[in-house]
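Have a look at it first, then read on.

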Amino acid sequence: MIPTRRPVSSNLVEGFGTVTITPVDPAADSALIHSWVTEERARFWGMGGASRELVQEIYEDVDRRSTHHAFMIGRDGERVALFQTYDCAEDRVGECYEVRPGDVGVHLLLAPSTGAAEHGFTASLVRAFLAYLIHDHGARRIVAEPDARNTKAIARLERSGFALGPEVELPEIDLPEVYLPAKRARLLFLTAPEPLPETP
């Protein structure tokens, strides 16, 4: 199935390529997402045993929400990552720290590598997405909560400018439309730079 959604952002990143940010199309994208989330490397994503149908249902639920969003990230026409955002005040993480106005939570899943590792690849994608959230959506602080055991993701976020916060216990969510087990997570924060004052 061919995705029907158009990018909400498309920017040329010098020396890297054109990065596009497109809302997930649950029906069209679920097979690809399923192939990513069920790999061992994605175990911290928490969907290792999910069927393709369940993956589609999960992203249909995300798609219905006004507080949670999922995006496919492309580079020169190839889909290379899945990013999710959420309003921290409307998410379980909001029970674990003092939420500020303008806080936006993020999750990141990179596509499996198809070749040799490319230096700066992840950093370029993260920078492009953070720029989209800060400049296009007015996010004032970006909040991440990777699994506390996911030292690789924590280190990647620190390299991207995030500051380490406390380790917390995200509470279990058990609703008819979604189930999330309790999770030990490490909070990380990235404060957006203050806009420059306008020249009189």
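Does Asp76 count as buried or exposed? At 54% relative accessibility, Asp76 counts as exposed (the cut-offs are under 20% relative accessible area for buried, over 50% for exposed and partly exposed in between, with a 1.4 Å probe and protein chains only). Asp76 is in the loop between S3 and S4, and has a positive phi of about 50 degrees although it is not a glycine.

A word on the ground rules. This is a predicted model, where local features need pLDDT of at least 70 and side-chain atom pairs count only at pLDDT 80 or more, while totals for chains, interfaces and linings use all residues. Residues are numbered from 1 along each chain as its sequence is written, and side-chain values use heavy atoms, with hydrogens and water left out. Helices (H or I, at least four residues) and strands (E, at least two) are DSSP runs, numbered from the N terminus.

Now the aromatics. The whole structure holds 6 aromatic pairs (ring centres within 6.5 Å for Phe, Tyr and the six-membered ring of Trp; planes under 30 degrees apart are stacked, over 60 edge-to-face, the rest tilted). Phe16 and Phe121 have ring centres 5.6 Å apart and planes at 55 degrees, so the pair is tilted. Phe16 sits in the loop between S1 and S2 and Phe121 in H3, 105 residues apart, so to speak a link between distant parts of the chain. Both Phe16 and Phe121 are buried. Phe16 also has the charged end of Arg75 over its ring, 4.1 Å from the centre (the test is NZ of Lys or CZ of Arg within 6 Å of the ring centre and within 35 degrees of the ring normal). Elsewhere, Phe71, Phe83, Phe129 and Tyr132 make up one aromatic cluster.

On to the nonpolar cores (buried Ala, Val, Leu, Ile, Met, Phe, Trp, Tyr and Cys joined through side-chain atoms within 4.5 Å):

| Core | Size | Residues include |
|---|---|---|
| Largest | 29 residues | Ile73, Leu125, Phe129, Leu133, Ile142, Phe162 |
| Another, apart from it | 16 residues | Val24, Ile33, Val55, Val62 |

Leu133 touches Thr85, Val104, Val106, Gly138, Ala139 and Ile142, not counting residues up to four places away in sequence (contact means heavy atoms within 4.5 Å).

Finally, H1 (residues 26-37): its buried residues, including Ile33 and Trp36, pack against S2, H2, S3, S4 and S5.
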